[in-house]
Amino acid sequence: MTTSSLEANVEPELVKQWITELGGGPSSTVPLLQAIQGKYGYLPRKAMDLIVEHTEITGRQIYGVATFYAQFRLRPVGRYMIKVCHGTACHVQGADRLNTALRHSLNIHDEAQDTAENGSYTLENVACVGCCSQAPLMVIGKEVIGNINGAGAQKALRKHARGVQEVLPKAEKQSVNS
Ligand code: FES
């Protein structure tokens, strides 16, 4: 399975409904993108093309906005999001090691990718989440898991996967002790 197989199945009627509700001028670009991402978790190419086709918004405008704001994603997301804090405190305390360990567990070896191929989890690097005393930390759903090393991050991931009955990629069994 590749991340292209995680692409959303875009419903054109839904996109047209958002255009009707939110407007089709350039000032509607952000609300339309928010509606798309709210539904699909990212901005599928097909949805963006439909916006360009049925509004006054140009391709240049919509891609300009989509790539300018950090809130928008152009790639599919997994069923669960793992945020790894890379604020100063977490960085100093070894956030990179959490990332490496989680990538290993999720079998994500391509630096350009952030989602496990089975569509289970997406890794996202974020700025300070305001829990610096627990650095380094990761966040799965609304749960902050702090004061962990790479092995602790892998353990927390396995625990979460068991709780939601999610299957991790095969490489999950190997651990990283740093
Ligand atoms: S730097 Fe990670 S919570 Fe503040």
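## Packing of α2 and α4

Helix α2 passes helix α4 in a right-handed crossing, that is, the near helix is turned clockwise from the far one by less than a right angle. The model is a predicted one, in which local features need pLDDT of at least 70, side-chain atom pairs count only at pLDDT 80 or more, and totals for chains, interfaces and linings use all residues. Residue numbers start from 1 along each chain as its sequence is written.

The axes of α2 and α4 come within 10 Å and cross at roughly 65°. α2 is therefore roughly perpendicular to α4 (angles of 65 to 115 degrees). The residues that make the contact (C-beta atoms, placed from the backbone, within 7 Å) are tabulated here.

| Helix | Residue range | Contact residues |
|---|---|---|
| α2 | 29-40 | Thr29, Val30, Leu33 |
| α4 | 59-68 | Gln61, Ile62, Val65, Ala66 |

By class, this contact of α2 with α4 has five nonpolar, two polar and no charged residues.

## The chain as a whole

The protein chain contains seven helices and four strands, taken as DSSP runs (H or I, at least four residues, for helices; E, at least two, for strands). Along the sequence their pattern is α-α-α-α-β-α-α-β-β-β-α. The C-alpha trace spans about 55 × 35 × 25 Å along its principal axes.

Of the 178 residues in the protein chain, 32% are buried (20 or more other C-beta atoms within 10 Å of a residue's own). Among contacts between residues at least 6 apart in sequence, 70% join residues at least 24 apart.

Terms used:
Axes are lines fitted to C-alpha atoms, for helices over the stretch in contact, and angles run from 0 to 180 degrees between N-to-C directions. Angles under 35 degrees count as roughly parallel, over 145 as roughly antiparallel, 65 to 115 as roughly perpendicular and the rest as oblique. Two residues are in contact if their C-beta atoms, placed from the backbone, lie within 7 Å. Ala, Val, Leu, Ile, Met, Phe, Trp, Tyr, Cys and Pro count as nonpolar, Asp, Glu, Lys and Arg as charged, and the others, Gly among them, as polar. A residue is buried if 20 or more other C-beta atoms lie within 10 Å of its own, exposed if 12 or fewer, and partly exposed in between; C-beta atoms are placed from the backbone.
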